[in-house]
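Please look over the sequence and the model before reading on. The text below is meant to be read beside them.

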Amino acid sequence: PGTEVELVSLRVEGHGPSAAELDELLPPLDDGRAGKRSSGGAEPRHDSFPVRSLIWEGESLEAAQIPRNELRPGQHLRGPALIHEFSATTIVPPDAVVEVGPYGDLLMSV
């Protein structure tokens, strides 16, 4: 109790159907489904979303608040940003890049 904890490494391993089986079970998202703000491949314009202040490594930053359901497969975005949905918020650090995968998954490079 009272001792600081630092997470140094986190690894996750998942098991499931192969990519070929997954395409049959769960087809990729349609690039054009209800995309009002931007289309697949284009980077969402941060200035079209509300912003929120956040503190990152002691520095105050403005981050776009992006609803996850507004993102489309193939899009890329650069941090800082907050991607929010009903069950989680993904913090995209400054200079990190997020790519939206074909199934709506978020692939972040930090």
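Predicted model: local features only at pLDDT ≥ 70, side-chain atom pairs only at ≥ 80, totals over all residues.

Residues are numbered from 1 along each chain as its sequence is written, and side-chain values use heavy atoms, with hydrogens and water left out.

Begin with the strands. Helices (H or I, at least four residues) and strands (E, at least two) are DSSP runs, numbered from the N terminus. Strand S4 covers residues 81-84 and strand S5 residues 89-92; the two run antiparallel and are joined by four bridges. Two strands are said to pair if DSSP finds at least two bridges between them. S4 and S5 form a hairpin, with four residues between them. Ile 83 has Thr 90 in S5 as its bridge partner, and His 84 has Thr 89 in S5. S4 also pairs with S2, here in the parallel sense and over four bridges. In that pairing, His 84 of S4 stands opposite Pro 67.

Which residues make up the largest nonpolar core? It has eleven: Phe 49, Ala 64, Ile 66, Leu 71, Leu 77, Ala 81, Ile 83, Val 92, Ala 96, Val 98 and Val 100. Strand S2 (59-67), S4 and strand S6 (97-100) each supply at least two residues of this core. A nonpolar core is a set of buried Ala, Val, Leu, Ile, Met, Phe, Trp, Tyr and Cys residues joined through side-chain atoms within 4.5 Å. Buried means under 20% relative accessible area, exposed over 50%, and partly exposed in between (1.4 Å probe, protein chains only). In soluble globular proteins, nonpolar side chains tend to be buried together.

Gln 75 sits in the loop between S2 and strand S3 (76-78). A polar atom of the Gln 75 side chain lies 2.7 Å from the backbone nitrogen of Arg 72.

Next, the charges. The structure holds one salt bridge, defined as a side-chain nitrogen of Lys or Arg within 4 Å of a carboxyl oxygen of Asp or Glu. Its side chains are those of Arg 68 and Glu 85 (2.9 Å, N to O). The pair links distant parts of the chain, 17 residues apart: Arg 68 is in the loop between S2 and S3, and Glu 85 in the loop between S4 and S5. Arg 68 is partly exposed, at 24% relative accessible area, and so is Glu 85, at 30%.

Last, the surface. Leu 7 lies in the segment before helix H1 (19-25) and counts as exposed because its relative accessible area is 66%. Leu 7, Leu 10 and Val 12 make a nonpolar surface patch of about 400 Å². Patches are made of residues with over 30% relative accessible area and no salt bridge, with like charges joined within 9 Å and nonpolar side chains (Val, Leu, Ile, Met, Phe, Trp, Tyr) within 5 Å. Accessible areas come from the Shrake-Rupley method with a 1.4 Å probe; for residues, only the protein chains shown count as cover. Val 110, in the segment after strand S7 (106-109), is exposed at 85%.

Note on methods:
Polar contact = N/O pair within 3.5 Å; in protein donor to acceptor, adjacent residues only side chain to side chain.
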